Amino acid sequence: WRALMDEMAVVATEEYRAMVFKEPRFVEYFRSVATPETEYGRMNIGSRPSKRKPSGGIETLRAIPWIFAWTQTRFHLPVWLGFGAAFKHIMQKDIRNVQALREMYNEWPFFRVTLDLLEMVFAKGDPGIAALYDELLVADELKPLGEQLRSNFEDTKKLLVQVAGHRDVLEDDPYLKQRLRLRDPYITTLNVCQAYTLKRIRDPSFQVTAQPPLSKEFADENQPASLVKLNAASEYAPGLEDTLILTMKGIAAGMQNTG
């Protein structure tokens with residue numbers, strides 16, 4: 001078991017480094033378009049600067065904003081990236097390893113806890129939400145990278161439940177699964193709001209089509225809505241920074257993971 005675990009760790013690390021440090025498009029995909037990391041770093045909402053060196057690359061980014069940014073888009077990439085390649089490598093090397101992995105899950109507490117934590121992350125994740133951020137914010141030449149990563153997400157999730165012997169994630173924890181299901185509509189609403197807010201911040205010419213009120217009691221044409229400016233000194237258009245910070249806090253609270 002230890003040998004299998006060590007081999008998986010090597011493969012997972014290689015896969016992670018190949019994407020994060022060697023893929024030439026990754027830094028632009030992460031920093032400029034696909035997550036709110038850039039805006040997070042410019043706002044004074046953390047106890048320390050988000051980067052150790054302002055001009056550095058991914059390796060200079062502190063762990064908290066690195067995880068925080070991927071949590072905001074419901075993709076959690078640093079948590080699962082590499083596991084799919086590790087599972088696939090072990091299974092293809094020897095078909096008997098599938099059973100060995102299941103025995104490890106059932107009989108080795110460390111391995112079980114690790115995979116159970118992964119299941120929780122996949123239950124909280126939503127590649128459809130990540131795709132919305134890509135659709136609004138990612139340049140066309142970078143969109144294939146996002147599609148590749150979302151495909152990797154789905155493949156890793158399938159391999160994970162196969163190893164655990166489950167039909168779906170969190171099969172053994174219906175209470176947590178139900179709690180996440182109840183929170184999901186609220187978090188999804190915040191994600192959509194955040195994605196469009198980021199679009200308006202990065203593209204001032206972008207216009208959002210106004211929708212009619214859901215209820216007539218909120219539609220009083222004689223009483224136009226007034227915008228409350230929580231941060232009048234913001235460099236962004238009125239209300240955008242306040243909206244972005246509120247969505248960040250709401251998503252973090254709903255995920256119960258901030259980084």
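This is a predicted model: local features need pLDDT of at least 70, side-chain atom pairs count only at pLDDT 80 or more; totals for chains, interfaces and linings use all residues.
Author: Residues are numbered from 1 along each chain as its sequence is written, and side-chain values use heavy atoms, with hydrogens and water left out.

Reader: What makes residues 143–164 a helix, and what span does α10 have?

Author: A helix is a DSSP run of H or I with at least four residues, numbered from the N terminus. Helix α10 has 22 residues and reaches 32 Å from its first C-alpha to its last. The expected span is 1.5 Å times one less than the number of residues, and for α10 the reach is close to the expected 32 Å.

Reader: Why are α8 and α10 called oblique to each other?

Author: Their packing angle is about 140°, taken between N-to-C directions on a scale from 0 to 180 degrees, with axes fitted to C-alpha atoms over the stretch in contact. Angles under 35 degrees count as roughly parallel, over 145 as roughly antiparallel, 65 to 115 as roughly perpendicular and the rest as oblique. The two helices α8 and α10 are therefore oblique.

Reader: Which residues of α8 meet α10?

Author: Contact means heavy atoms within 4.5 Å. Phe111, Leu115, Leu118, Glu119 and Phe122 of α8 meet residues of α10, including Phe153 and Leu160.

Reader: What does it mean that Phe153 is buried?

Author: Buried means under 20% relative accessible area, with a 1.4 Å probe and protein chains only. Phe153 and Leu160 are among the buried residues of α10.

Conventions. Buried means under 20% relative accessible area, exposed over 50%, partly exposed in between (1.4 Å probe, protein chains only).
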